[in-house]
Amino acid sequence: MPFLDRLQRWADDRPDATAVVVAGQRLSWEELRDAAADLVPDAPVVTVLSEENSLHFAAAFAAAVAGERQCAVLDPTWPQQLQDSIRDRFRGLPATSAAAGAATCMGHAARVDRPDLADGPPGTPFLIGLTSGTTSVPKAFTRSRRSWQQSFDASIEFFGLAADDRTLAPGPLAASLNLYALAECLYAGSEFHTLARFDVGDAHAAVSHDGITRLVLVPTMLRLLSERGLSGGVDASGIRSIICAGSKLDARTLEAARRWAPNATIFEYYGASELSFVSGAGLPPGQPPEQRGTGIGKPFPGVEIRILDDSGQPMPDGADGNICVRSGMVSDGYLWGDDGQALQSFDGWHTVGDQGYLDTGTLHMLGRRSDMIITAGTNVYPHEVELALASVPGVAAAVAAGLPDDLRGQKVVAGIVPSHGGVTATQLRAGVEDALARNKRPLEYFALAELPLTDRGKLSRDLLLDWIATHDPRIRRLG
């Protein structure tokens with residue numbers, strides 16, 4: 001496993017049924033199987049796949065993991081220099097490593113003998129994931145076929161994916177969320193849809209005309225689709241489930257999604273590339289949401305969670321520490337970039353350094369320790385502050401950070417991207433009064449023309465502090 005044997009089954013059982021749709025173009029199960037099988041003889045031991053969303057991507061990915069082959073998926077928008085440096089690293093790996101023969105990713109060395117479109121042994125690595133870290137080149141880790149099969153079984157049970165679902169994942173297939181959604185649908189025999197690139201109008205057209213029953217996307221996309229769908233009269237009543245990952249849903253996004261897709265169960269979950277699924281929760285239609293906070297649900301099927309301190313000792317309920325996981329879905333480790341901190345293990349309990357706590361079985365996600373603000377002896381996680389601010393009317397997005405302060409050590413500050421109509425500092429202070437303890441509330445607010453993002457599109461709190469220090473024109477202090 002993980003999904004090629006299933007792909008063969010669906011192609012035999014219902015050859016003409018739709019398997020994959022990309023920007024309105026379709027492949028049946030038989031066509032997908034045949035297209036992938038045609039690519040297998042030329043597929044190297046390790047394929048480096050870097051391309052935009054397309055039907056070819058789906059077939060190439062299936063061929064790239066046939067037999068005991070492995071695939072590394074790169075974001076095609078990454079700078080060419082970065083992509084070349086990653087390829088160079090594959091060339092430098094010894095042939096006996098987990099990426100045996102990785103140098104063949106450029107197509108100039110021996111091929112795998114096995115020509116058929118079939119899954120390799122369960123314990124063998126098939127996917128080389130890339131995750132950003134403290135260095136300029138992303139860390140590379142491997143996942144086994146068995147770990148992804150267990151992930152499929154867990155997610156299908158948790159999210160209730162059915163064979164008659166039509167899933168739309170409108171983001172790039174190079175992102176792990178969407179790549180997993182594609183593979184999960186191939187495993188489940190369920191129809192998968194995506195776009196050439198994310199576009200609100202194209203996504204709405206797919207929902208309206210393609211019978212989409214399931215959305216897999218990040219919160220920012222959900223907010224755009226919901227708010228514009230409501231204003232444009234786009235009917236989303238046929239959507240049965242919405243799966244969100246990347247960050248916790250704020251109250252405004254959740255409310256808009258509930259109104260736009262009234263029959264959908266809305267799922268949010270916590271996971272990490274190296275850990276796979278950890279915990280999650282689903283809000284059925286008609287059920288009022290619990291008070292918004294840092295809670296991110298119960299453990300996934302097959303997952304155990306503990307909160308451990310830095311020496312590996314258990315923390316009591318309600319005390320924060322390292323979120324540690326034990327499951328068969330954890331990655332095999334790193335090919336490169338392992339600094340000893342990114343993926344740690346305490347006697348079989350694994351953590352990527354995310355901090356949180358357990359409260360009667362519910363996991364509360366606080367964020368990375370490296371982001372923590374220590375103000376007057378109090379630990380403040382920016383994630384808590386951002387969640388509270390995102391629920392204030394007039395706020396489109398928020399980012400919090402710790403600014404050096406002679407009296408407190410650090411003080412909490414926040415940058416706000418205003419929505420239409422804007423927002424004042426007074427409104428912001430009033431809006432977080434009931435959501436944040438006094439010592440966690442920002443002492444200064446700034447209006448932002450845009451969110452501070454890295455060149456890879458990730459939120460950068462350090463960049464916010466740099467904008468403040470340099471009086472960047474994209475930032476303005478709110479009185």
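Thr167 has Arg214 as its bridge partner in strand E9. Strands E7 and E9 pair in the parallel sense, over two bridges. Two strands pair if DSSP finds at least two bridges between them. Helices (H or I, at least four residues) and strands (E, at least two) are DSSP runs, numbered from the N terminus.

This is a predicted model, in which local features need pLDDT of at least 70, side-chain atom pairs count only at pLDDT 80 or more, and totals for chains, interfaces and linings use all residues. Residues are numbered from 1 along each chain as its sequence is written, and side-chain values use heavy atoms, with hydrogens and water left out.

**Strand E9 and its neighbours**

- E9 also runs parallel to E10, and four bridges join them.
- Leu215 has Ile242 as its bridge partner in E10.
- Which residues of E9 point one way, and which the other way? Arg214 and Val216 point one way, and Leu215 and Leu217 the other way.
- All of these are buried; buried means under 20% relative accessible area, exposed over 50%, and partly exposed in between (1.4 Å probe, protein chains only).
- In a regular strand the side chains alternate between the two faces of the sheet.

**The nine-stranded sheet**

- The open sheet has nine strands in the order E2-E1-E8-E7-E9-E10-E11-E12-E13, with mixed pairing.
- Its edge strands are E2 (25-28) and E13 (298-299), and each pairs on one side only.
- E12 (residues 276-283) and E13 pair in the antiparallel sense, over two bridges.
- Gly280 has Lys298 as its bridge partner in E13.
- Helix H5 (residues 145-159) packs on the sheet. H5 touches E9, E10, E11 and E12 (contact means heavy atoms within 4.5 Å).
- The direction of H5 makes about 10° with that of E12. Axes are lines fitted to C-alpha atoms, for helices over the stretch in contact, and angles run from 0 to 180 degrees between N-to-C directions.
- Helix H6 (residues 176-188) packs on the sheet too, touching E1, E7, E8, E9, E11 and E12. The direction of H6 makes about 145° with that of E9.

**Helix H3 against helix H6**

- The axes of H3 (residues 55-64) and H6 come within 12 Å and cross at roughly 75°.
- That makes H3 roughly perpendicular to H6. Angles under 35 degrees count as roughly parallel, over 145 as roughly antiparallel, 65 to 115 as roughly perpendicular and the rest as oblique.
- H3 brings Phe57, Ala58 and Phe61 to the contact, and H6 brings Leu179, Leu182 and Ala183.
- The contact residues divide into six nonpolar, no polar and no charged. Ala, Val, Leu, Ile, Met, Phe, Trp, Tyr, Cys and Pro count as nonpolar, Asp, Glu, Lys and Arg as charged, and the others, Gly among them, as polar.

- The buried residues of H1 are Leu4, Arg6, Leu7, Trp10 and Ala11.
- They cover an arc of only 150° around the axis, so they lie on the same side of H1. The arc is that of the directions from the helix axis to the C-beta atoms.
- On the other side of H1, Asp12 and Asp13 are exposed.
- The cover over the buried residues of H1 includes H2, H3 and H6.
- In H2 (residues 29-39), the buried residues are Trp29, Leu32, Arg33 and Ala36.
- Their arc is only 100° around the axis, which puts them on the same side of H2.
- The cover over the buried residues of H2 includes H1, E1, E2, H3 and H6.
- An α-helix has 3.6 residues a turn, so residues three or four places apart point the same way.

- E19 (residues 354-359) and E20 pair in the antiparallel sense, over six bridges.
- Asp359 stands opposite Thr362 in E20.
- The hairpin has two residues between the strands, and Thr360 takes a positive phi near 50°.
- E20 (residues 362-368) is mostly covered, with six of its seven residues buried.
- Arg369 lies in the loop between E20 and E21 (373-375).
- Is Arg369 buried or partly exposed? Arg369 is partly exposed, because its relative accessible area is 36%.
- Arg369 and Gln355 are 14 residues apart in sequence and 6.3 Å apart in space, C-alpha to C-alpha.

**Positive phi elsewhere**

- Ala23 has a positive phi of about 50° although it is not a glycine. Ala23 is found in the loop between E1 and E2.
- Ser276 has a positive phi of about 70°, and it is not a glycine either. Ser276 lies in E12 and counts as buried, at 11% relative accessibility.
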